[in-house]
Structures are given as C-alpha cells and as structure tokens.
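Thanks for making time this morning.

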Amino acid sequence: MTDQTPALQRPATRAARLSAIEQALLTRIVTSQSQLSQILADQGIEVTQATLSRDLDEIHATKTRLADGTVAYALVRQPEESASANPDAKTEQQMNRVLSGLVTSVAAARNLVVVHTPSGAAQYVASVIDKQPIDGVLGTIAGDDTVMVICADDDYAKQRAQWLLDVVSKG
C-alpha cells in the first residue's frame with residue numbers, strides 16, 4: 001500500500017484478523033510473530049501469540065528463506081505462482097487467463113472503475129480482482145453484470161482502468 005491509500009477499518013472478527021494477517025504477509029517482510037503482532041496492533045487488532053500461531057497455520061503461512069537470505073513468513077503458493085520472479089507479470093498473466101473472456105468494457109468514473117461483464121459473471125470477476133494485491137484498489141462491489149472497483153483516488157482509477165483493459169486485451 002502507498003501512503004495515499006486510506007487505512008482500512010477492520011471489524012473485531014476472526015475473518016478480518018485473518019485478512020489483515022494475509023495482507024501483512026503479502027505486502028511486508030515479516031520475520032517473526034512478535035513483528036506480525038505489532039503490525040496487527042498498529043491496526044487496532046490485539047492477538048495472543050497462541051492465536052497468531054493458529055492463524056498462521058490456518059492460512060498456510062510458512063517460514064521461507066528469501067533471496068537475500070532473510071527467513072520470513074510467506075503464504076504457501078501453488079507451484080505455478082511461485083515460478084514467476086515478477087509478481088506484477090504473474091498477476092497480469094493470471095488475470096488475463098481468467099478475465100479475458102469475461103470483461104466486456106471498462107470505464108473510469110472519479111475514484112471508481114466500472115467493469116461490465118456478461119450476465120452472471122460480475123461476482124466472479126470481482127472475486128478475482130479482490131484476491132490480487134493491486135496498488136490503489138480498496139475493494140469491489142459486484143452486481144449481476146457490473147463490477148465497481150473502488151480506488152484510493154481518481155488518478156488510481158484512471159490508471160487501473162487502463163491497466164485492466166491492457167491485461168484483458170493481451171493474448
């Protein structure tokens with residue numbers, strides 16, 4: 001996340017805590033449970049060490065040696081996902097494969113990106129977008145054939161609309 005992205009407000013639920021842990025592991029190098037506990041505390045999420053251990057196990061986080069030799073927590077990925085060294089290219093490739101036949105139009109409107117799909121496909125498209133760590137994207141809302149992608153600001157919306165068009169047009 002960038003400094004311009006508003007901080008997420010999370011409810012005090014298990015699902016929100018797991019989501020916060022996953023987000024922390026995807027966006028930061030976390031080398032210890034105490035570091036992760038502090039990251040969560042900074043977001044207003046208090047957690048015991050035992051609960052944090054169970055949560056890490058549940059989301060299949062493991063300690064992995066990074067390229068620089070640091071040992072840090074990482075989410076277990078499918079072999080295909082870990083093969084790519086460039087996460088942006090990996091994200092684009094996955095999204096192209098899944099979304100290329102499902103996105104029929106894209107338009108930016110202020111801080112929103114409006115994505116049209118065939119009837120019945122919007123919730124699936126929104127889910128695919130939500131599962132990717134895309135800078136400047138706060139979340140999605142889906143209807144039957146339309147997805148609204150909520151961005152941090154108007155500039156992000158314009159950038160993400162063009163990016164999404166480029167991604168689904170490849171191939």
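The crossing of α1 and α2 is right-handed, meaning that the near helix is turned clockwise from the far one by less than a right angle. Before I go on, this is a predicted model, in which local features need pLDDT of at least 70 and side-chain atom pairs count only at pLDDT 80 or more, while totals for chains, interfaces and linings use all residues. Residues are numbered from 1 along each chain as its sequence is written, and side-chain values use heavy atoms, with hydrogens and water left out.

Helices (H or I, at least four residues) and strands (E, at least two) are DSSP runs, numbered from the N terminus. Helix α1, residues 14–27, packs against helix α2, residues 33–42, at an angle of about 115°, and their axes are 10 Å apart; axes are lines fitted to C-alpha atoms, for helices over the stretch in contact, and angles run from 0 to 180 degrees between N-to-C directions. The contact (heavy atoms within 4.5 Å) is made by A20, I21 and A24 of α1 together with L36, I39 and L40 of α2.

Turning to the sheet, it is open, with four strands in the order β3-β4-β6-β5 and antiparallel pairing, where pairing requires at least two DSSP bridges between two strands. Because β3 (105–109) and β5 (137–142) stand at the edges with a single partner strand each, one side of each is left without a neighbour in the sheet. Helix α7, residues 154–169, packs on this sheet and touches β3, β4, β5 and β6.
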